[in-house]
Amino acid sequence: MDFTRIIELASYTLPAIVTGFVAYSFFELHIKNNDRKRAFLLNKQAHKESLPIRLQAYERMTLFLERINLTKLLIRITPISTEKHDYENFVIDQIEQEFEHNLTQQIYMSDECWTIITTAKNSTIQMIRKAAMSERVDSADKLREVILNDLLEKQSPSNAALGYIKNEVAELW
């Protein structure tokens, strides 16, 4: 082959190769951009649909924590007998039933938030059990009195969990 022929062939193919490479890069970038845009719109739509459900879950868990707040719980639930262990078990059963009723809400909130809610529930039950084991408690009414007096000195576990829920919901905006 003649050297001029090779140069002539290269002068035609080199611009075609460069043009092809630029076109390929442009279309690849365009396709990636469209994929990102599509993913963003899908995520935006999913967030739009899931936000009300997530907020409802946080509302239900807020209600749960308010209902197991010992001050409100002991006022709402009166003793069923004078026996302290009957009252202790009855109050703990109420907490457990309320918790089981809201168990499915955990799929809509973070693991950390759910752990804090569970810890608040368990701490509340522990406070009731600890007060019931006290020597000075001999009746259901005395159990209520001791728990309420203990709450004057320290914060209810559900209050700390409520604070965490409020912070997590604030981050959703």
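**Helix contact and ring pairs**

Visitor: Which residues of α3 and α4 meet?
Guide: From α3, Lys-84, Glu-88, Asn-89, Val-91, Ile-92, Ile-95, Glu-96 and Phe-99 meet Trp-114, Thr-118, Lys-121, Thr-124, Ile-125, Ile-128, Arg-129 and Ala-132 of α4. Contact means heavy atoms within 4.5 Å, and helices are DSSP runs (H or I, at least four residues), numbered from the N terminus.

Visitor: And what is the model behind this?
Guide: It's a predicted model: local features need pLDDT of at least 70, side-chain atom pairs count only at pLDDT 80 or more, and totals for chains, interfaces and linings use all residues. Residues are numbered from 1 along each chain as its sequence is written, and side-chain values use heavy atoms, with hydrogens and water left out.

Visitor: At what angle do the axes of α3 and α4 cross?
Guide: Roughly 175 degrees, and the axes of α3 (residues 84-101) and α4 (residues 111-132) come within 10 Å. Axes are lines fitted to C-alpha atoms over the stretch in contact, with angles from 0 to 180 degrees between N-to-C directions. So α3 is roughly antiparallel to α4 (over 145 degrees).

Visitor: Switching to rings, how many aromatic pairs are there?
Guide: Three in the whole structure, counting Phe, Tyr and Trp (its six-membered ring) with centres within 6.5 Å. Phe-26 and Phe-27 make an edge-to-face pair, 5.6 Å centre to centre with 65 degrees between the planes (edge-to-face is over 60).

Visitor: Which rings form a cluster?
Guide: Phe-64, Phe-99 and Trp-114, linked by ring pairs.

Visitor: What lies over the face of Phe-99?
Guide: Lys-121, at 4.6 Å from the ring centre; the test for Lys is NZ within 6 Å of the centre and within 35 degrees of the ring normal.

Terms used:
Rings of Phe, Tyr and Trp (its six-membered ring) pair if their centres lie within 6.5 Å; planes under 30 degrees apart count as stacked, over 60 as edge-to-face and the rest as tilted. Helices (H or I, at least four residues) and strands (E, at least two) are DSSP runs, numbered from the N terminus. Angles under 35 degrees count as roughly parallel, over 145 as roughly antiparallel, 65 to 115 as roughly perpendicular and the rest as oblique.
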